[in-house]
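The following exercises concern a single structure and are meant to be worked with the sequence and the coordinates at hand. Each task is followed by a solution in steps.

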Amino acid sequence: MTTSTGTAPAIEFRDVVKRFGDNVVLDGLNFSVPQGQRITLIGPSGSGKTTILRLLMTLEELSGGLILIDGDPYTHEYKGDKWVAVPEKRRRVVRKRVGMVFQQFNLFPNMSVLENIIESPVHVLGKAKDEAIADAERLLDKVGMPEKRDFQTNQLSGGQQQRVAIARALAMDPEILLLDEVTSALDPEIVADVLDVLREIADTTDITMLLVTHEMQFAREVSDRVLMFDKGQIVEEADPETMFTNPRHDRTKAFLKAVLG
Amino acid sequence: MNDSGIWSWETAWDVLPDLLNGLQITVLATVVGMVIASILGLVIALAMRARSRWITMPLRFVSDFIRMTPLLVQLVFVNLLFVQVPSLAIGCIVLGIHYATYMSEVYRAGIESVPKGQWEAATALNMAPGRTWRAVILPQAIRNTLPGLGNYAISMFKETPFLFAISVVEMFSEAQSYGANTFSYIEPLTMVGLLFLIVSYPTSLLVRRMEIRLA
């Protein structure tokens, strides 16, 4: 077992296989993300991008291979040559470093905005409640909605809910933030608000970010690297400038033509 | 008696205090029965989610058995088994257990109605399973079960006359004994029906409003 050294990649996929029944979504995928990098995954739907994020959040179980976080075994490991699941207790320790924002926000509707944000800092991280509240207020400020602290989530627009969801994820102080099509469910005129918030987080923190998005302009601004997926494989990998202006692979060209018009 | 025809207001007035006494027992049995049914029903619903078939199979068998046999038979049988326990207590417990098997289905549906995204958000926030249930899933699930709970409360209320069979002095039994002493059955039984209606109907309106509000 390797331990966290700081030089290990934040995320490493080793020969990752994911099948849903007979449908092979990922077939021996290898890639790694250095600490603090912002990676955008692009590609047609069904190419496995969202599955990668869901595997990283342990919302799906691997069918084979390993995922390492900071070099630490996360979902599975080899004991001798036996491939075994990492026990939930150890997963929880590693999972604390990973946060996720969902397409459908997934705020808890039975809690207020503030309660949504402080729930896990208090009950998982063991923060004192007034400290958690102070942090939550600071985060609500950061996402531009300090006045909504005591609102119920159903009183908020989609864009506001998503900004609360971002604050909720940040309240756990993650090293890695997964953003799964976070603007896809939003009306076009409020997408910009959410992207502004994410841009600021990208500029002011060193959180490793993995994003799946259709906002190519945004991807171009914030990413260090773009991975083009097709059928569970990385078909092309480049810095955003190269990827969007001078793609080499035919699949990438066709895809970018389709989404950028 | 009854010389003025089939209905005597005097008799109706005369039996009312007895019936109101009985109504108290009826309501008491329903409330206690419902408390038992709501708690035990939730316990059953949660236990049915266990992975081990050693838990779910016997539990399924027992709840099917309770649901497939008449409440009246269960009351009389259990009353015979525990002769030293007061009948009213037997009545409440049997009503509670009987309805718990139905309530567990309401809870099951309520739990399943919580969107998958809620579980996923809880995982993403690294919440412990117990905390996820208490803070996220159950508050939402139980909210969805409130109308079902109300409907079963009304239905249990209407089945309390079965307690007559184990000699609990509830409303129906008061009417019967009044009839046995005076040979006037029409007025007491009509009044019993009306009293049931007076309690059930507003409750059902309340449940309907709750359904609309939650929809």
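**Exercise 1: The surroundings of one residue**

Leaving aside residues up to four places away in sequence, A:Ala165 touches A:Val101, A:Phe102, A:Phe105, A:Asn106 and A:Leu107; two residues are in contact if their C-beta atoms, placed from the backbone, lie within 7 Å. The model is predicted: local features need pLDDT of at least 70, side-chain atom pairs count only at pLDDT 80 or more, and totals for chains, interfaces and linings use all residues. Residues are numbered from 1 along each chain as its sequence is written, while chains are lettered from A and ligands numbered from 1 in the order in which they are written.

Task: State in which element A:Ala165 has its place, and determine whether A:Ala165 is buried or exposed.

Solution. 
1. A:Ala165 lies in helix α5 of chain A. Helices (H or I, at least four residues) and strands (E, at least two) are DSSP runs, numbered from the N terminus.
2. A residue is buried if 20 or more other C-beta atoms lie within 10 Å of its own, exposed if 12 or fewer, and partly exposed in between, with C-beta atoms placed from the backbone.
3. A:Ala165 is buried because 25 other C-beta atoms lie within 10 Å.
4. From A:Ala165 to A:Asn116 the separation is 49 residues in sequence and 8.3 Å in space, C-alpha to C-alpha.

**Exercise 2: Strand β8 and its partner**

Task: Describe how the residues of β8(A) point and identify the strand to which 4 bridges join β8(A).

Solution. 
1. A:Val98 and A:Met100 point one way from β8(A), whereas A:Gly99 and A:Val101 point the other way; all are buried.
2. β8(A) is joined by 4 bridges to strand β9 (residues 176-180) of chain A, and the two run parallel. Two strands pair if DSSP finds at least two bridges between them.
3. Opposite A:Val98 stands A:Ile176 in β9(A).

**Exercise 3: The nonpolar cores**

Task: Which residues have the most contacts inside the largest nonpolar core, and which helix gives the largest share of this core?

Solution. 
1. A nonpolar core is a set of buried Ala, Val, Leu, Ile, Met, Phe, Trp, Tyr and Cys residues joined through C-beta atoms within 7 Å.
2. The largest such core has 75 residues, and those with the most contacts inside it are A:Leu56, A:Met100, A:Ala167, A:Leu178 and A:Leu210.
3. Helix α5 (residues 158-170) of chain A provides the largest share of this core, 6 residues.
4. Apart from this core lies another, of 38 residues, including B:Ile90 and B:Met191.
5. Not counting residues up to four places away in sequence, A:Leu210 touches A:Ile11, A:Val33, A:Ile39, A:Leu41, A:Leu53, A:Ile176 and A:Leu178.

**Exercise 4: The form of chain B**

Solution. 
1. Along the principal axes, the C-alpha atoms of chain B fill a box of roughly 80 × 40 × 25 Å.
2. Buried residues account for 32% of the 215 residues in chain B.
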